[in-house]
Amino acid sequence: MVHLAFSSKTEQRWQRPDSGWVKINVDGFVSKNNTKAAIGGAMQNSDGEWLKGFNMVTGMDEIFRIEAQVIIEGMKLAWLKGYKQVKINCDNVMLTDTICDGFASISNIAEVRLIHEWCNKDWKEKFRHVLRGSNKIADCLANAAIGKLNQIVLFPVPPQYVIRLLEEDTHDSLYEGNTVFIHS
C-alpha cells in the first residue's frame with residue numbers, strides 16, 4: 001500500500017522532522033564539465049541528530065535520473081535500518097511532483113518506477129521539495145564523493161567537512177517558529 005504524503009510548501013531551510021520520523025535530505029551532482037556525477041544524502045532524527053550519511057560516484061546521466069537514484073539509495077538505507085516513517089527532501093521539484101502526483105508508477109524512467117515500488121513497502125513516506133539552502137549537507141556529500149563507480153560510501157558519523165553545516169542546521173531548527181520581541 002502506498003503511503004505518500006507531499007507538502008506543497010517548499011522548505012526554505014532545514015527543519016527537524018516530526019517525532020518518530022527520520023528525515024533524509026538527498027542531492028545529485030553533475031560537474032559543470034560533465035566529467036563527474038555523484039549522489040549524497042544525510043539521515044537525521046527528530047532531535048536533529050546524525051543517523052547516517054552516504055555518497056557515491058555514479059555514471060554520467062541526466063540529473064533527473066541521478067536525483068531519482070539518490071532517493072532510491074536513501075530509501076534502501078532507511079529500510080535496512082528499520083525506519084518506518086521517513087521524510088525525504090529533494091531539491092528537484094519536477095521529481096518530487098512526479099512522485100507525489102502519482103505518475104511514478106507509469107514513468108518511462110526505471111528509477112522513478114523503482115521509487116514507486118519502494119513506496120509500496122510497509123512504511124510511511126513523505127516527500128518534500130526543498131530549496132538548495134536547506135539541502136547543503138546532502139549537496140556537500142554529493143560534491144565530495146570519490147571512489148569507485150556505483151560503490152556507496154556510508155558515514156556512521158558526520159565527515160569533518162559537513163560538521164559546520166550540520167551545526168548550523170541544527171541550531172537554526174531550534175529557533176524555527178520562535179520570535180523574540182525585545183521591548184525598550
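Author: Start with the elements: helices (H or I, at least four residues) and strands (E, at least two) are DSSP runs, numbered from the N terminus. A pocket is defined on a 1 Å grid over the protein atoms alone, as an open set of points with protein on both sides within 12 Å along at least five of seven lines, whereas a cavity is a set of points where a 1.4 Å probe fits but cannot get out; lining residues have an atom within 4 Å of a point. This is a predicted model, in which local features need pLDDT of at least 70 and side-chain atom pairs count only at pLDDT 80 or more, while totals for chains, interfaces and linings use all residues. Residues are numbered from 1 along each chain as its sequence is written, and side-chain values use heavy atoms, with hydrogens and water left out.

Reader: How many helices and strands are there in the chain, and in what order do the elements run?

Author: The chain has five helices and seven strands. From the N terminus on, the order is β-β-β-β-α-β-α-α-β-α-β-α.

Reader: Which element gives the most to the lining of the largest pocket?

Author: A volume is the space filled by probe spheres set on the grid points, which are joined across faces, edges and corners. The largest pocket holds about 230 Å³ of space. Of the 13 residues that line this pocket, D27, G28, E67, D91 and R132 are the closest to its centre. β2 gives the most to the lining, with four residues, and β2, α1 and α4 each supply at least two.

Reader: How do the residues of that lining divide by type?

Author: Ala, Val, Leu, Ile, Met, Phe, Trp, Tyr, Cys and Pro count as nonpolar, Asp, Glu, Lys and Arg as charged, and the others, Gly among them, as polar. The lining of the largest pocket has three nonpolar, four polar and six charged residues.

Reader: What is the volume of the largest cavity, and which residues line it?

Author: The structure holds one cavity of 30 Å³ or more, and the volume of the largest cavity is about 40 Å³. Its lining includes W14, N25, A42, Q44 and D169. α4 (136–143) gives the most to this lining, with three residues. By type, the lining residues are four nonpolar, four polar and two charged.

Reader: Why is β3 described as largely enclosed?

Author: Buried means under 20% relative accessible area, exposed over 50%, and partly exposed in between (1.4 Å probe, protein chains only). Eight of the eight residues of β3 are buried, so β3 is largely enclosed by the rest of the structure. A37, I39, G41 and M43 point one way from β3, and A38, G40, A42 and Q44 point the other way.

Reader: Which way do β2 and β4 run against β3, and how many bridges join them?

Author: Two strands pair if DSSP finds at least two bridges between them. Eight bridges join β2 to β3, which run antiparallel, and N25 stands opposite A42 in β3. Eight bridges also join β3 to β4, again antiparallel, with G40 opposite N55 in β4. Six residues lie between the strands in the hairpin of β2 and β3, where N34 takes a positive phi near 55 degrees. In the hairpin of β3 and β4 there are five residues between the strands, and G48 takes a positive phi near 80 degrees.

Reader: Which residues touch the most other members of the largest nonpolar core?

Author: In soluble globular proteins, nonpolar side chains tend to be buried together. A nonpolar core is a set of buried Ala, Val, Leu, Ile, Met, Phe, Trp, Tyr and Cys residues joined through side-chain atoms within 4.5 Å. The largest one has 31 residues, of which V26, I71, M75, L95, I115 and F127 touch the most other members. Its largest share, nine residues, comes from α1. Apart from this core lies another, of nine residues, among them A42, F155, V162 and L166.

Reader: Is D122 buried or exposed, and what is in contact with it?

Author: Contact means heavy atoms within 4.5 Å. D122 is in the loop between α3 and β6 and counts as exposed, at 61% relative accessibility. Leaving aside neighbours within four places in sequence, D122 is in contact with W79 and K84.
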